[in-house]
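Visitor: I would like to learn how to read a protein model. Could you take me through one?
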Amino acid sequence: MGSHKAARRGRPVVLAAIGTALLAALLSIPSAGGAPRSDDACAATSGTSGTELPSGDCGPFWQVLAEDFNADRVPLGAFRDCDHHADTSAAYCGGLKGDYRDNWWAYPTGWRDTANDRGRDVVGVYHPEDTVSVGPAENGDGRMRIRMWRPADGGPVHAAAVVPRAVMQMKYGKYSARIKVTDPAPGYKSAWLHYGGGCEMDHPEGNWTGSLTAFHHPCGGGEQGSFRGADDWTEWHTVSTEWTPGHVRFFVDGRETGHDTRGVPDDPLSWVLQNESALEGPGAAPGSSAQLEITWVAAYAYGWK
C-alpha cells in the first residue's frame, strides 16, 4: 500500500500478463490459494527459475529494459536533484550521470510517503540522495541498494522510491526483479506498484520483517484481490507482474501466485519501486535502518511487434 507525495497507497508503472479468465468468473475476489498455477512467461530465458537476468523477448513480451547493475558504481549522494519534470517520462535526477541518468529517476527529496496520510506515529519522507546506491557485493555481483533509516533524534524515516524511465507511462507489459532484504528491521516495507486513475497493482508488498504479498485494486472500486507470494523477504526471490488486456498476473520464483480480471487498468502507468515506512505494526525505531538489495530488473512491452 503505497503513495506519492501525499497520496493514498500507491505509485506508478507497468507490467503485464497472459491468460485465462476462468478464476475471476468463479470468484469475485480471487485468492492465491485458489488461483491456477502457471509458469512465469519469461523464466525460461534466464536458464533457471529466474535467478539470472533474463535476456531477450519471450512470448508476447518485448524486452525494453535489462539491468544487472554490473557497470558503473553510483555512490550515495548521486540520486539527488530529482525534481525535474517529476512523474513524467521526461523526469530525471540532476546528480546522476550517463546511463543511470538516462535510465533511472527517483521520487524527489521532500515528497511524503503513504504513512503521512494514515495517522501513523512514524512516517517517512523520500530522500533518494542518502538511501539509494549501486555497487558490487562481496562476491562481485552488482546490486542496487535501498537503505532506509530513521534519524536517532526520532525524525521521519528516510524512504526511497526509484523508477525505471524506460517503462514510465507504458500501457501493459511485464515487470520482473530479483530482490532480497539483507538487513531487516521493524517499521520498513515495500509496495512496488502501478497506480493511477483509481487503479492499482502492487507487487511485491509487505513489511520487510514479514511476508511478500500482491494486491490488485480494481479500477472503479471493489474489494482488493490479495495474493500471498512468499514467507520471507530475507531470501532471494524473483518477482514478476504481467499486465495484459483484461488480466493481471503475479509470479514469485516462477510460480503464479495470483490472477485477477476485475477492473484491470487500460491506461499507461509507471512502475514504481517504492520503499517506505510501515503502514502496519511497529514503527521504525530511532537510529534504526534496514536494507533491500536488487541484483537485476527486467521489463517488457506487450504487443509492440
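Guide: Start with the ground rules. This is a predicted model, where local features need pLDDT of at least 70, side-chain atom pairs count only at pLDDT 80 or more, and totals for chains, interfaces and linings use all residues. Residues are numbered from 1 along each chain as its sequence is written, and side-chain values use heavy atoms, with hydrogens and water left out.

Visitor: How many helices and strands does the protein have?
Guide: Helices (H or I, at least four residues) and strands (E, at least two) are DSSP runs, numbered from the N terminus. Here there are 2 helices and 16 strands.

Visitor: What share of the residues is buried?
Guide: Buried means under 20% relative accessible area, exposed means over 50%, and partly exposed is in between (1.4 Å probe, protein chains only). In this protein, 56% of the 305 residues are buried.

Visitor: Which residues touch the most other members of the largest nonpolar core?
Guide: In soluble globular proteins, nonpolar side chains tend to be buried together. A nonpolar core is a set of buried Ala, Val, Leu, Ile, Met, Phe, Trp, Tyr and Cys residues joined through side-chain atoms within 4.5 Å. The largest one here has 66 residues, and F79, W104 and M144 touch the most other members. A second, separate core has 6 residues, including C42, F61, W296 and Y300.

Visitor: What is F79 in contact with?
Guide: Contact means heavy atoms within 4.5 Å. Leave aside the neighbours within four places in sequence. The contacts of F79 then include C93, W104, M144 and V162. Across the protein, take contacts with a separation of 6 or more: 72% of them are between residues 24 or more positions apart.

Visitor: Now strand pairing. Which way do β8 and β9 run?
Guide: Two strands pair if DSSP finds at least two bridges between them. Strands β8 (residues 188-196) and β9 run antiparallel, joined by 7 bridges. Look for L193, which stands opposite D202 in β9. The two strands form a hairpin with 2 residues between them, and G197 in the turn has a positive phi of about 60°.

Visitor: Which parts does the pair C199 and C219 tie together?
Guide: Their sulfur atoms are 1.9 Å apart. C199 lies in strand β9 and C219 in the loop between β10 and β11 (225-230), so the pair ties together parts 20 residues apart in sequence. The torsion about the S-S bond is about 125°, so this disulfide is right-handed.

Visitor: Is C219 buried, exposed or partly exposed?
Guide: C219 is partly exposed, because its relative accessible area is 24%. C199 has 8%, so C199 is buried.

Terms used:
Disulfide = S-S within 2.5 Å.
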